[in-house]
Amino acid sequence: MASTERRAKASRSRESTTLEAENAGEPTKVVPFQPRLFLKTLKNGKTSKDYQHDESIFSQGDPADAVFYIQTGKVKLTVVSKNGKEAVVAILAEGSFFGEGCLAGQPTRIATARSVSESTIIRVGKPVMLDLLLREKEFAEQFLAYVLSRNIRMEADLVDHLFNSSEKRLARLLLLLANFGQESKPIPLLAKISQETLAEMVGTTRSRVSFFLNRFRELGFVEYDGGGMLINSSLLSVVLHD
């Protein structure tokens, strides 16, 4: 009887070892970044505010004392030079952070943030955000990965601006604004964005943007309706074409 029990125990041990080995070979699933879950745990130092279209969130030169998170809507970041020339740095979609420069010791805002559409923005004070990063290792790792991926995107934008034609730059911008190629679900219908804003981001004139948009529409790459612009994945052919 004792011998039988020992054999059964050894068999269970081998099965357990085999199962662990099999599981060890399985790919680790990547958990998507869900900052809302962490931000919900904050009791103090966090506020939420609704913004109308083209309403200021903060201005260039303001004290940098908080990090912001876009719960809904879109936000435009712009910079004004000493001679008064304005440039659009980025248009950030829902689920994006901005203003995180304060965490690296930035004393004042280097850009102006305005809502592009009706938006709900969460403001987290700098001390509270730093405490969250220290307390929540998972959040800190995912937040760092998010910031690094956005820096990579900005580097790609710079390369795109230096080496690609304005037509390709516009096509790439429209695809990015529609979330094509990103982890989040594509949003092919873009809210109304002025041709002036697109021209500033692409680095060309409004008339050139109008010309390219008309061409994209004739080729079936984009469509217009009362709510905005529908971006078709076929627009990618403009970016890939040499």
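## A tour of rings and strands

Begin by selecting Phe38, Tyr69, Phe97, Phe139, Phe143 and Tyr146, which together form one aromatic cluster; rings of Phe, Tyr and Trp (its six-membered ring) pair if their centres lie within 6.5 Å, with planes under 30 degrees apart counted as stacked, over 60 as edge-to-face and the rest as tilted. The model is a predicted one, in which local features need pLDDT of at least 70 and side-chain atom pairs count only at pLDDT 80 or more, while totals for chains, interfaces and linings use all residues. Residues are numbered from 1 along each chain as its sequence is written, and side-chain values use heavy atoms, with hydrogens and water left out.

By the ring rule there are 11 aromatic pairs. Keep Phe97 and Phe139 selected: their ring centres are 6.4 Å apart and their planes stand at 75 degrees, so this pair is edge-to-face. Phe97 belongs to strand β6 (residues 97-98) and Phe139 to helix α4 (residues 137-163), so the pair ties together parts 42 residues apart in sequence; helices (H or I, at least four residues) and strands (E, at least two) are DSSP runs numbered from the N terminus. Both Phe97 and Phe139 are buried, meaning under 20% relative accessible area, where exposed is over 50% and partly exposed lies in between (1.4 Å probe, protein chains only).

Next, select Phe211 and Phe212, an edge-to-face pair at 5.6 Å centre to centre with 65 degrees between the planes. Phe211 is partly exposed at 41% relative accessible area, whereas Phe212 is buried at 4%.

Finally, show strand β7 (residues 112-115), which pairs in the antiparallel sense with strand β2 (residues 56-58) over two bridges, pairing being assigned if DSSP finds at least two bridges between two strands. Ser56 stands opposite Arg114 in β7.
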